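Q: I have a protein model to go through, and I would like to take it slowly. Could you help me with the words as we meet them?

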Amino acid sequence: MSATSREKGGPIVLIRAVVAIIVVAVGTWALFHVNPASAYPWIKALHVIAVISWMAGMLYLPRLFVYHSEAAIGSDKSETFKVMERRLLRFIINPAMVVSWIAGLWMAWEIFGFKGGWLHAKLLLVVLMSGLHGYLSKNMRLFAEDRNTKPARHWRIVNEIPTVLMILIVILVIVKPF
């Protein structure tokens with residue numbers, strides 16, 4: 001079985017998906033059954049690391065789309081971008097988003113009790129970032145199928161959205177204006 005056929009379906013993909021679900025479930029369960037006072041610095045560090053990784057991917061993927069949209073369909077360059085985009089999403093962006101959400105929700109619940117206007121505003125912005133993540137994931141699939149219809153200019157504009165969201169989120173977390 002070739003690498004391409006394994007990635008499109010089959011038992012290996014199913015096994016990886018099941019393992020990923022089990023790891024997330026066990027990790028989530030474990031986080032909510034630890035002593036919040038002793039776990040907080042570690043979970044906050046994990047959250048920051050995951051957010052940095054998520055943001056790096058969210059800033060890089062649209063930039064890849066800029067270059068990919070300018071590459072000829074079927075060219076070696078286009079095929080290379082497909083591999084880069086798929087790996088970036090699968091191995092960096094998706095896991096980083098999941099860890100960011102799990103650790104962030106743990107802190108919101110255990111440390112902040114889901115209280116504070118700043119926290120609600122931050123969560124709204126993180127939901128918007130997650131929506132952008134979904135939009136980029138969908139478009140990665142369209143690029144993989146050679147069905148992108150958006151010009152490079154569109155992707156240059158989209159590339160700025162995570163930056164704006166990140167700035168607003170960081171201000172809310174650090175300044176806690178309300």
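A: Let us begin with one term: a residue counts as buried under 20% relative accessible area, as exposed over 50%, and as partly exposed in between, using a 1.4 Å probe and protein chains only. Of the 178 residues of this chain, 32% count as buried.

Q: Okay, and what kind of model is this?
A: This is a predicted model, in which local features need pLDDT of at least 70 and side-chain atom pairs count only at pLDDT 80 or more, while totals for chains, interfaces and linings use all residues. Residues are numbered from 1 along each chain as its sequence is written, and side-chain values use heavy atoms, with hydrogens and water left out.

Q: How many helices and strands are there?
A: The chain has seven helices and zero strands, where helices (H or I, at least four residues) and strands (E, at least two) are DSSP runs numbered from the N terminus. The C-alpha atoms fill a box of roughly 55 × 40 × 20 Å, taken along the principal axes.

Q: Where does UniProt put the transmembrane regions?
A: The unreviewed UniProt entry places them at residues 12–32, 44–67, 88–112, 118–136 and 157–175, and such annotations may be inferred rather than shown by experiment. In the model, residues 88–112 are 92% helix and 0% strand, with end C-alpha atoms 32 Å apart, and residues 157–175 are 89% helix and 0% strand, with end C-alpha atoms 28 Å apart.

Q: New topic: how do α3 and α7 sit against each other?
A: The axes of helix α3 (residues 36–70) and helix α7 (residues 161–175), which are lines fitted to C-alpha atoms over the stretch in contact, come within 9 Å and cross at roughly 150 degrees. Angles over 145 degrees count as roughly antiparallel, so α3 and α7 are roughly antiparallel to each other.

Q: And which residues meet there?
A: M55, M58 and L59 in α3 meet P162, T163 and M166 in α7, contact meaning heavy atoms within 4.5 Å. By class, this contact has five nonpolar, one polar and no charged residues.

Q: How many salt bridges are there?
A: There are four, a salt bridge being a side-chain nitrogen of Lys or Arg within 4 Å of a carboxyl oxygen of Asp or Glu. One of them joins K82 to E79, with the closest N and O atoms 2.9 Å apart, and both residues lie in helix α4 (residues 76–110), three residues apart, which is about one turn of the helix.

Q: What else does K82 pair with?
A: K82 also forms a salt bridge with D146, again with a closest N and O distance of 2.9 Å. This pair links distant parts of the chain, since K82 is in helix α4 and D146 is in the loop between α5 and α6 (152–158), 64 residues apart. K82 is buried at 10% relative accessible area, whereas D146 is partly exposed at 30%.

Q: What about R147, what does it pair with?
A: The side chains of R147 and E145 meet in a salt bridge, at 2.8 Å from N to O. Separately, salt bridges that share partners join E79, K82 and D146 into one network.

Q: Last one: is N139 buried or exposed?
A: N139, which is found in helix α5 (residues 117–144), is buried, because its relative accessible area is 2%. Leaving aside its neighbours within four places in sequence, N139 is in contact with F65, K150 and W155.

Notes: Axes are lines fitted to C-alpha atoms, for helices over the stretch in contact, and angles run from 0 to 180 degrees between N-to-C directions. Angles under 35 degrees count as roughly parallel, over 145 as roughly antiparallel, 65 to 115 as roughly perpendicular and the rest as oblique. Ala, Val, Leu, Ile, Met, Phe, Trp, Tyr, Cys and Pro count as nonpolar, Asp, Glu, Lys and Arg as charged, and the others, Gly among them, as polar.
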